[in-house]
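Student: I would like to learn how the features of a structural model are read, one kind at a time. Could we begin with the general idea in each case and then turn to the example?

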Amino acid sequence: MGVDNLAGTSSNVQLHINGLDGIRACAFLMVLVGHSGISWVPNGFGVTVFFFLSGYLITTLLRREWIRTGTISVSRFYIRRVFRILPPLYCGLIFATVLALTGITHSDVHWKAIAAIQLFMTNYSEAWLKVNVPLGLSVLWSLAVEEHFYLAFPLVYRSMLRANIGKNRQVMFLCALCILVLAWRTILMAVYHVFWNRVYTGTDTRLDSILFGSILAIAANPVIDRLDGVTRRRYFISALIGVLVLLASIAVRGEMFRQTARYTIQGTALVPVFLYVIRYAGSAITRVLDARILTHIGDLSYSLYLVHYTVMFVVKTWIGTNPYLVLTLTFALSYILAVIMRRGVEMPANRMRNRILRRFAPKIVLQP
């Protein structure tokens, strides 16, 4: 959830990719509607889309930096992530904690859980610490998964590039990791019979949802690579098949399938969908995704995600539980909070980040 548009290259030039803000908005809205109690909307799929998007954007950023500078500055990468992720996160954490301590959300506050949030271990806090995070912050499990990816992937990817490992082998390696994650999920469900939430929220069981985005960014990236060998009609047909496969994967309700093969199938099916949206910026689909209201929600989606669940518990506790009432009030109140966070926290943090990055800008060395 913590990924913005591509920024922080050697020249600090923003790279806007048409359609992706709209996809981010749709993913958040699926999460919001599903959490509101409208059960036919797959909020879990919204998180899967967020994961794929994170993998694609981060890997594209790293590829561009390698091409422009001949290296990948992991320190600059971490600076970008720290200033993007931590300021809004602490706002959401303080907001939920204060509401819990004052009794507004009727939630206990365990300081071990608060520490786990700050260490990005929310997805393992219940299993390891035997404590629950305050109401409204359980959604931070997905941020923990992304942060674990951010911590390791730049180092792994830079190592592959420095070792002159070609694109095909990079893709094969990441695909092998995805297969291993699928196998591990299957073992946990079929052999150890773990509770479904263990698989749904674990980094070790959901990492492939991010890696599928990375695979697209390396194998056939419309932002970087020339993709002239396939006609637009075939891209469209592939994307349509991807959508149909996604719908089928959502329709199947068996728990074993949902916590094992579903994530692999969805990650694979998202590849042609993203490929078409990114490659054909002038298509009707991408133009819809670039509608102002969707791009605006997409721009605010990180802050919206951080606060919406806390707000939702307040609405359900003190106002009512009708799903449509909860949805409307939660979105309205979360939007107000997100705008305040955007202007008062995120924008100043971004300016500070850019000042720091400009001081340590690397030389530009064009790669062949």
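The dialogue that follows takes up charged pairs, aromatic rings, a surface patch, cysteines and some loop residues.

Student: What should I know about the model and its numbering before we start?

Tutor: This is a predicted model, in which local features need pLDDT of at least 70 and side-chain atom pairs count only at pLDDT 80 or more, while totals for chains, interfaces and linings use all residues. Residues are numbered from 1 along each chain as its sequence is written, and side-chain values use heavy atoms, with hydrogens and water left out.

Student: How many salt bridges does a search of the whole structure find?

Tutor: Side chains of opposite charge can pair when their charged atoms come close. The rule used here asks for a side-chain nitrogen of Lys or Arg within 4 Å of a carboxyl oxygen of Asp or Glu, and the search of the whole structure gives 10 salt bridges. In one of them E346 pairs with R84, with 2.4 Å between the closest N and O atoms. This pair links distant parts of the chain, since E346 belongs to helix 15 (residues 323–359) and R84 to helix 3 (residues 74–101), 262 residues apart; helices here are DSSP runs of H or I with at least four residues, numbered from the N terminus.

Student: Are E346 and R84 buried or exposed?

Tutor: Buried means under 20% relative accessible area, exposed means over 50%, and partly exposed lies in between, with a 1.4 Å probe and protein chains only. E346 is buried at 3%, and R84 is buried as well, at 6%. The salt bridge between D228 and R226, whose closest N and O atoms are 2.9 Å apart, joins two exposed residues, with D228 at 52% and R226 at 75%.

Student: Which residues are joined with R84 and E346 into one network?

Tutor: Begin with D299 and R342, which form a salt bridge with the closest N and O atoms 3.2 Å apart. Here too distant parts of the chain are linked, D299 lying in helix 14 (residues 292–318) and R342 in helix 15, 43 residues apart. D299 is partly exposed at 32%, whereas R342 is buried at 18%. Through shared partners, salt bridges join R84, D299, R342 and E346 into one network.

Student: How is a pair of aromatic rings such as F149 and F153 described?

Tutor: A pair of aromatic rings is described by the distance of the centres and the angle of the planes. Rings of Phe, Tyr and Trp (its six-membered ring) pair if their centres lie within 6.5 Å, and planes under 30 degrees apart count as stacked, over 60 as edge-to-face and the rest as tilted. The whole structure holds 17 aromatic pairs, among them F149 and F153, which are stacked at 4.8 Å centre to centre with 20 degrees between the planes. About one helical turn separates F149 and F153, because they are four residues apart in helix 6 (residues 141–162), and both are buried. F149 and F153 belong to one aromatic cluster with F77, Y78, Y150 and Y157.

Student: Which charged residue lies over the face of Y150?

Tutor: A charge sits over a ring if NZ of Lys or CZ of Arg is within 6 Å of the ring centre and within 35 degrees of the ring normal. R81 lies over the face of Y150, at 5.7 Å from the ring centre, and R206 lies over that of Y263, at 3.8 Å.

Student: How many disulfides does the rule count?

Tutor: A disulfide is a covalent bond between the sulfur atoms of two cysteines. With the criterion of a pair of cysteine sulfur atoms within 2.5 Å, the count is zero. For C178, the closest cysteine sulfur is that of C175, at 6.0 Å, too far for a bond; C178 is buried, at 4%.

Student: Where are the residues H106 and N164, which have positive phi values?

Tutor: H106, with phi near 55 degrees, is in the loop between helix 3 and helix 4 (111–118), and is exposed at 58%. N164, with phi near 60 degrees, is in the loop between helix 6 and helix 7 (167–190), and is exposed at 69%. In each case the positive value occurs in a residue other than glycine.

Technical notes: Helix = DSSP H or I, 4+ residues; strand = E, 2+ residues; numbered from the N terminus.
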